[in-house]
Amino acid sequence: MARRQADPTARRAHEAARRATAAQRIGPRPTGTPRPRRRKPLFDLEPPGAFSTDWDSPVGTDTGVMARVTARFGAGSTEAATMRVLPHFRGVYGPNLPLGAIGQLELLPARTDLLSRLSPGVDVSSDDARDSVHSLHARGMILVADDGSVWTTVPPGTPHSAPDGGWTFVEQVRAPAERIAATS
């Protein structure tokens, strides 16, 4: 038995009538809540500069990583002291940690006027200042230049980024006198 193909115009009209009848019966379609845009981790933004070349991705839980470092180097070692701080940064940066940039940014709150420029007239504790600097860096809002200075930036792929879709560098903050080496 051959089946007749319906006229496409008639099919569209029938579908529109079916939707209108369903809308009357069950009410209008609820408006969806827009999904928040997922921000890219700093690692995926591929920041430029020597301070963004040394990345570490500790594998395992924070306690497991700490136990391995303590067993290998000892509880009082520099490596163990460093590893005690890194779990905090995993929460800020995600699984990939920019070690050179983190070290340089640790010097900023006490030795530069970065926070007074970013939040004039607001008293900020040293812990809040440290967290703010790392949070801004993890979002690509500030980057560490090769000379150790910090630039306020606009990450690629955002509305105010460079016309070519790259990084926009806005303002430079001088480097602390005792900067750390970008690469080991």
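## Strand pairing around β4

Strand β4 and strand β5 (residues 168-173) run antiparallel, joined by 5 bridges. Strands here are DSSP E runs of at least two residues, numbered from the N terminus; two strands pair if DSSP finds at least two bridges between them. Val-154 has Thr-168 in β5 as its bridge partner.

This is a predicted model: local features need pLDDT of at least 70, side-chain atom pairs count only at pLDDT 80 or more, and totals for chains, interfaces and linings use all residues. Residues are numbered from 1 along each chain as its sequence is written, and side-chain values use heavy atoms, without hydrogens and water.

## The β3-β4 hairpin

Strand β3 (residues 142-144) is antiparallel to β4, with 3 bridges between them. Val-144 pairs with Val-150 in β4. The two strands form a hairpin with 5 residues between them. In the turn, Gly-148 has a positive phi of about 95°.

Strand β4 (residues 150-154) is largely enclosed by the rest of the structure, because 4 of its 5 residues are buried (under 20% relative accessible area, 1.4 Å probe, protein chains only).

## Helices α4 and α7

The axes of α4 (residues 78-93) and α7 (residues 126-138) come within 9 Å and cross at roughly 45°. Axes are lines fitted to C-alpha atoms over the stretch in contact, and angles run from 0 to 180 degrees between N-to-C directions. Helices are DSSP H or I runs of at least four residues.

Contact means heavy atoms within 4.5 Å. On α4, the contact residues include Phe-89 and Tyr-93; on α7, they include Arg-130 and Asp-131.

Notes
Buried < 20%, exposed > 50% of the residue type's maximum accessible area, 1.4 Å probe, protein only.
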